[in-house]
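Subject: A structure for you to look through

Dear colleague,

I am handing over a structure, and below it you will find my notes on what turned up in it. Please keep the structure open beside the text while you read.

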Amino acid sequence: MRAVRIHEYGRPDVLRTEEVPIPEPGRGQVLIAVEAVSVGFAQTQMRRNIFPAPMWRPEFPITLGGDVIGEVVALGPGTTGVRTGDRVGAFTLHGAYAEYVVVDADTLLPVPAGLDAAQATALPAPGPIAMGTMGTAALAEGESVLIHAGAGGIGHLAVQLARLAGAGQVIATAGTAEKCAYVRSLGADVVVDYSRADWSQTVREATGGRGVDVILDGVGGEVLRQGVGLLAPLGRLVFYGSAGGGLGIPSVSPMDLIGLKFVTGFALSAWRAARPERYRSDHETLTAHLLAGSVRHTVHMTLPLEDVAKSHEIVESRAHIGRLVLLTGRTSRAVGEGA
């Protein structure tokens, strides 16, 4: 099978398409024939070895992970609750840039046949992260919310979902005039260009000086530090990524929080383990929204698997809106057929 691997960290050109054996599923695992896999900013950090999550401890050669959509074509020993032929989605840290990938069966999510594969890449991680961060923050109807990177793969979903959840005021940040206009088209009340030095003051003015009730922060760094200062009394900031570069995690003094402010972190795996019923319910809700068109998953571009280096260049340039998706050209062929 074709797989994209890296043998050293570095620029996008370290991503190489190679022929490798099809992996075999172990106990409790499944083998998926991949239709589509997303490319996010986290994968570019992994390629450069600056991804801050403690679970990222790979060994070369590495096939990067992502949001996978495909069909189950083989089951490992003792695997239950899934059948060959099921169309599924899953997020995996490793192995996604390939024609076949092995994942744990208990991480699978059902994907309707009527949902386009590129559109469906919202289901494994981006949508659940958007919904899970709002759940972690306990966003209540009528409250204000600030969503950073509102034109990004997670942010553009969060803007729409916050609106559907009854947020009283949806404020978002974006980096260009085009992106700001796009985020407004999704229903944001206020969109602020975060490249401006006075962006935080603009946000505060938009709230009448009160501050915001909830902040969803996938940027980190100085943006996070300023976000703490923007929180209203009893406000909650949920940190879930460091797209700002490096570790992107500044220290926050307890003295910054004495005005009844709360800062917490979010990881999808932790949310799924702590709130499994809510996680499944969120998935069903998101699937229904995508099928009905009440939530738009914007796919900036689809590319063949071999053009993965180009996809990383686009993501790192921050020129895209929404998500980039790689397509393998494979759907339901049996293992070994044309492999």
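Which kind of contact do the side chains of Arg 5 and Glu 18 make when they meet? They form a salt bridge, with 2.6 Å from N to O. Please bear in mind throughout that the model is a predicted one.

Salt bridges

Arg 5 belongs to strand S1 and Glu 18 to strand S2 (residues 16–19), so their pairing ties together parts of the chain that are 13 residues apart in sequence. Arg 5 is partly exposed, with a relative accessible area of 23%, whereas Glu 18, at 19%, counts as buried, because the cut-off for buried is under 20%.

The count for the structure comes to 14 salt bridges. Another of them joins Glu 99 to Arg 2, where the closest N and O atoms are 3.0 Å apart. Since Glu 99 sits in the loop between strand S5 (87–94) and strand S6 (100–104), while Arg 2 is in strand S1 (residues 2–5), this pair ties together parts that are 97 residues apart in sequence. Glu 99 is buried, at 5% relative accessibility, and Arg 2 is buried too, with a relative accessible area of 17%.

A further salt bridge links Glu 222 with Arg 225, and here the closest N and O atoms are 3.3 Å apart. These two residues both lie in helix H7 (residues 221–230), three residues apart, which is about one turn of the helix. Glu 222 is partly exposed at 47% relative accessibility, and Arg 225 is partly exposed with a relative accessible area of 38%. Returning to Arg 2 and Glu 99, salt bridges that share partners join these residues and Glu 306 into one network.

Two helices in contact

How do the axes of helix H1 (residues 41–48) and helix H10 (residues 308–317) cross? They come within 9 Å and cross at roughly 110°, and H1 and H10 are therefore roughly perpendicular to each other. On the H1 side the contact is made by Phe 41, Gln 43, Thr 44, Arg 47 and Arg 48, and on the H10 side by His 312, Val 315 and Glu 316. Sorted by class, the contact of H1 with H10 has two nonpolar, three polar and three charged residues.

The buried residues of H1 are Gln 43, Thr 44, Gln 45, Met 46 and Arg 47, and what covers them includes strand S3 (29–39), strand S4 (64–75), S5 and H10.

Aromatic pairs

The structure holds two aromatic pairs. In one of them Tyr 9 and Phe 60 are tilted, with 4.8 Å centre to centre and 55° between the planes. This pair links distant parts of the chain, for Tyr 9 is in the loop between S1 and S2 and Phe 60 in the loop between H1 and S4, 51 residues apart. Tyr 9 is partly exposed at 28% relative accessibility, and Phe 60 is partly exposed with a relative accessible area of 40%.

The other pair, Phe 266 and Trp 271, is tilted as well, with 6.1 Å centre to centre and 50° between the planes. Phe 266 is buried, with a relative accessible area of 11%, and Trp 271 is buried with 10%.

How values were computed: Residues are numbered from 1 along each chain as its sequence is written. This is a predicted model: local features need pLDDT of at least 70, side-chain atom pairs count only at pLDDT 80 or more; totals for chains, interfaces and linings use all residues. Side-chain values use heavy atoms; hydrogens and water are left out. A salt bridge is a side-chain nitrogen of Lys or Arg within 4 Å of a carboxyl oxygen of Asp or Glu. Helices (H or I, at least four residues) and strands (E, at least two) are DSSP runs, numbered from the N terminus. Buried means under 20% relative accessible area, exposed over 50%, partly exposed in between (1.4 Å probe, protein chains only). Axes are lines fitted to C-alpha atoms, for helices over the stretch in contact, and angles run from 0 to 180 degrees between N-to-C directions. Angles under 35 degrees count as roughly parallel, over 145 as roughly antiparallel, 65 to 115 as roughly perpendicular and the rest as oblique. Contact means heavy atoms within 4.5 Å. Ala, Val, Leu, Ile, Met, Phe, Trp, Tyr, Cys and Pro count as nonpolar, Asp, Glu, Lys and Arg as charged, and the others, Gly among them, as polar. Rings of Phe, Tyr and Trp (its six-membered ring) pair if their centres lie within 6.5 Å; planes under 30 degrees apart count as stacked, over 60 as edge-to-face and the rest as tilted.
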